[in-house]
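Subject: Structure for your files

Hello,

Here is the structure you will be working with. My notes on it follow below.

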Amino acid sequence: MKKRVLSFNYTLKDNKGQVLDASQEGPLSFLEGQQQIIPALENEISSMLIGQKKNVKIAAADAYGVYDQAQVIDVPREQVAHIEVEVGGLVQVQSPEGIQVLKVVSMDEKIVKMDANHPLAGVDLEFDVELVDSREATAEELSHGHAHGPGGHHH
Ligand code: ZN
């Protein structure tokens, strides 16, 4: 089957019904099969018809992962002396897997406690989605590996 570019509107809520995110500047577009969105969400959207709306619940494990206490690490203050840190702030560090974003949980004179979990780790998600467009991907999109045009990448 030819790969498609799918465009959808969404509202993302946590399991308490609090809105975390939503498409605001028009629908989001993605190229199928590139893991540009959560795979469990892509599975649902790829079987929808244009104009169809759906409520999709995704457990944390299938979204941004379960919360892992082992990813909360103590970093000696002097190791991060060159960067400004504040509780609640985010710090970017270079790791073998690439750039990692850590959240500063707490700190004292010696130790900065940082959390490497994704902000949505451990959160069960609920999406209200509406598929607004579905079209065949262009050769250029296939070679770039992403969607172009409104809701996709701009060049
Ligand atoms: Zn491109």
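Which residues have the most contacts inside the largest nonpolar core? Before the reply, please note that this is a predicted model. The residues in question are F8, L41, I45, L125, F127 and V129, in a core of 19 residues. At least two residues of this core come from each of β1 (4–14), α1, β4 (53–58) and β9 (125–136).

Leaving aside residues up to four places away in sequence, L125 touches L12, K13, L20, I38, V56, K57, I58, A63, Y64 and L120.

On the strands: four of them form an open sheet in the order β5-β8-β7-β6, and the pairing is antiparallel. β5 (72–76) and β6 (90–95) are the edge strands, each pairing on one side only. On average, neighbouring strands of this sheet are turned by 45 degrees against each other, direction ignored. The antiparallel pairing of β5 with β8 (residues 111–115) runs over 5 bridges.

Q35 is a residue other than glycine, yet its phi is positive, near 55 degrees. Most residues other than glycine have a negative phi. Q35 sits in the loop between β3 (28–31) and α1 (39–45). Its relative accessibility is 62%, so Q35 counts as exposed, the cut-off being over 50%.

Regards

How values were computed. Residues are numbered from 1 along each chain as its sequence is written. This is a predicted model: local features need pLDDT of at least 70, side-chain atom pairs count only at pLDDT 80 or more; totals for chains, interfaces and linings use all residues. Side-chain values use heavy atoms; hydrogens and water are left out. Two strands pair if DSSP finds at least two bridges between them. Helices (H or I, at least four residues) and strands (E, at least two) are DSSP runs, numbered from the N terminus. Axes are lines fitted to C-alpha atoms, for helices over the stretch in contact, and angles run from 0 to 180 degrees between N-to-C directions. Buried means under 20% relative accessible area, exposed over 50%, partly exposed in between (1.4 Å probe, protein chains only). A nonpolar core is a set of buried Ala, Val, Leu, Ile, Met, Phe, Trp, Tyr and Cys residues joined through side-chain atoms within 4.5 Å. Contact means heavy atoms within 4.5 Å.
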